[in-house]
Amino acid sequence: SIGSSPPSRPEPAAGAGEPLPGEVVVPGGQFLLGSPPDSGFIFDNEKWAHPVQIRSFRIARAPVTNAEFARFVDDRGYERPELWSNVGWAWRDRLHAKNPIYWQRKVQAAWFVRRYRDVVPLEPHAPVIHVNWYEADAYCRWAGRRLPTEAEWEAAAAGEPTADGQTLASSKRRYPWGDEPPTADHANLDLQHTGPIPVNLLPAGDSAFGCRQMIGNVWEWTASDFEPYPGFSADAYQEYSAPWFGGTHKVLRGGAFTTRSRMIRNNYRNFYTPDRRDVLAGFRTCSLET
């Protein structure tokens with residue numbers, strides 16, 4: 001994502017961004033994780049939908065913003081080993097990381113960010129991007145929160161409550177808003193914009209539980225290792241998934257502003273090693289309490 005600027009696209013109006021605070025409760029119950037056989041084209045690592053039991057949890061309505069992550073950085077988050085896993089601290093120490101990779105300090109201690117060929121002020125209410133799993137995990141420890149598992153993430157994006165709101169219903173959505181394909185009102189996809197937009201925008205894309213921008217804008221790290229689903233068998237391209245199982249990669253969900261709308265859906269599993277900072281990835285958090 002660093003290099004020549006992409007073609008110009010309409011950007012949100014200045015001042016359009018506001019934070020989207022708060023969290024929602026996703027009730028527990030049985031949930032079908034993965035893709036059923038009638039899903040159309042899917043990748044082999046999505047096969048097949050299988051029941052998992054989920055406990056009730058609370059998840060943020062929006063991804064962590066630049067302003068929120070800046071508070072972690074300014075509170076010496078990259079200098080405090082107690083906030084990092086052992087392997088995460090070893091990564092930070094090896095790279096001498098002090099902040100997200102493209103952030104820069106400018107006048108009056110303000111944060112700027114390199115965006116393509118330019119250095120621009122950090123948009124406070126856009127989701128943080130280009131942070132790796134270790135950085136996301138450290139932020140969660142600092143904030144007293146945690147990353148969602150991929151089952152929790154998919155339940156928050158695709159699940160629906162029963163009529164009484166007490167458990168997860170058996171129904172499941174293809175997209176957070178329903179089954180109709182994405183439009184510009186639902187999600188920031190297809191390079192509609194040249195980067196992430198503020199987290200309060202696109203309410204039409206909310207999930208049944210009120211989570212926003214679970215599709216598009218930034219990929220979201222989850223707590224889960226990339227592992228096969230029960231009964232996995234490789235498709236014709238056998239090197240796509242199978243070589244990366246075994247705990248070396250973490251699962252990401254949801255797509256980014258560059259993702260093609262014809263490809264993305266709630267069940268899509270992306271996967272990268274936890275040290276990767278070049279991914280168009282951010283994250284949202286869950287409460288430690290149910």
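# A guided reading of the predicted model

Tyr-116 lies in the loop between strand 6 and strand 7. Although Tyr-116 is not a glycine, its phi is positive, at about 60 degrees. Most residues other than glycine have a negative phi. Tyr-116 counts as buried, because its relative accessibility is 12% and the limit for that class is under 20%. The hairpin formed by strand 6 and strand 7 has two residues between the strands, and Tyr-116 takes its positive phi within that hairpin.

From this turn the reader may follow the strands themselves. Strand 7 covers residues 118-121 and runs antiparallel to strand 6, to which four bridges join it. Arg-115 has Asp-118 of strand 7 as its bridge partner. Further along the pairing, Val-113 stands opposite Val-120 in strand 7.

Strand 5, residues 103-105, is joined by three bridges to strand 6, residues 111-115, and the two run antiparallel. Gln-104 has its bridge partner in strand 6, namely Phe-112. The hairpin of strand 5 and strand 6 has five residues between the strands, and here Gln-108 takes a positive phi near 55 degrees.

Taken together, these pairings give an open sheet of three strands in the order 5-6-7, with antiparallel pairing. Strand 5 and strand 7 are the edge strands, each pairing on one side only. On average, neighbouring strands of this sheet are turned by 40 degrees against each other, direction ignored. Strands of a sheet pair through backbone hydrogen bonds, in either a parallel or an antiparallel manner.

The sheet leads on to the helices. Helix 1, residues 66-74, lies across strand 5 and strand 6 and runs at about 60 degrees to strand 5. Helix 1 also meets helix 3, residues 133-143: the two axes come within 10 Å and cross at roughly 80 degrees. Helix 1 is therefore roughly perpendicular to helix 3, since angles of 65 to 115 degrees fall in that class. On the side of helix 1, the contact involves Glu-68, Phe-69, Arg-71 and Phe-72, which meet Glu-135, Ala-138, Tyr-139 and Trp-142 in helix 3. The residues of this contact divide into five nonpolar, no polar and three charged.

Helix 4, residues 150-158, is mostly covered, with nine of its nine residues buried. Among the buried residues of helix 4 are Glu-150, Glu-152 and Glu-154, together with Trp-153 and alanines including Ala-151 and Ala-155.

Two further backbone features lie in loops. The first topic is the peptide bond between Lys-47 and Trp-48, which is cis, with omega about -15 degrees. Most peptide bonds are trans. Trp-48 is found in the loop between strand 2, residues 29-33, and strand 3, residues 50-54. The second topic is His-96, a residue other than glycine with a positive phi near 55 degrees. His-96 is placed in the loop between helix 2, residues 86-95, and strand 5. With a relative accessible area of 58%, His-96 is exposed, because that class begins over 50%. Tyr-116, by comparison, is buried at 12% relative accessibility.

The cysteines remain to be considered. How many disulfides does the model contain? The count comes to zero, where a disulfide requires a pair of cysteine sulfur atoms within 2.5 Å. For Cys-211, the closest cysteine sulfur belongs to Cys-286 and is 8.5 Å away, which is too far for a bond. For Cys-286, the closest cysteine sulfur is that of Cys-140, also 8.5 Å away, and again too far for a bond. Cys-211 counts as buried because its relative accessibility is 0%. Cys-286 is likewise buried, with a relative accessible area of 0%.

Terms used
Residues numbered from 1 in each chain as written. Predicted model: local features only at pLDDT ≥ 70, side-chain atom pairs only at ≥ 80, totals over all residues. Heavy atoms only, no water. Buried < 20%, exposed > 50% of the residue type's maximum accessible area, 1.4 Å probe, protein only. Pairing = 2+ DSSP bridges. Axes fitted to C-alpha atoms, helices over the stretch in contact; angles between N-to-C directions. Contact = heavy atoms within 4.5 Å. Parallel < 35°, antiparallel > 145°, perpendicular 65-115°, else oblique. Nonpolar A, V, L, I, M, F, W, Y, C, P; charged D, E, K, R; others polar.
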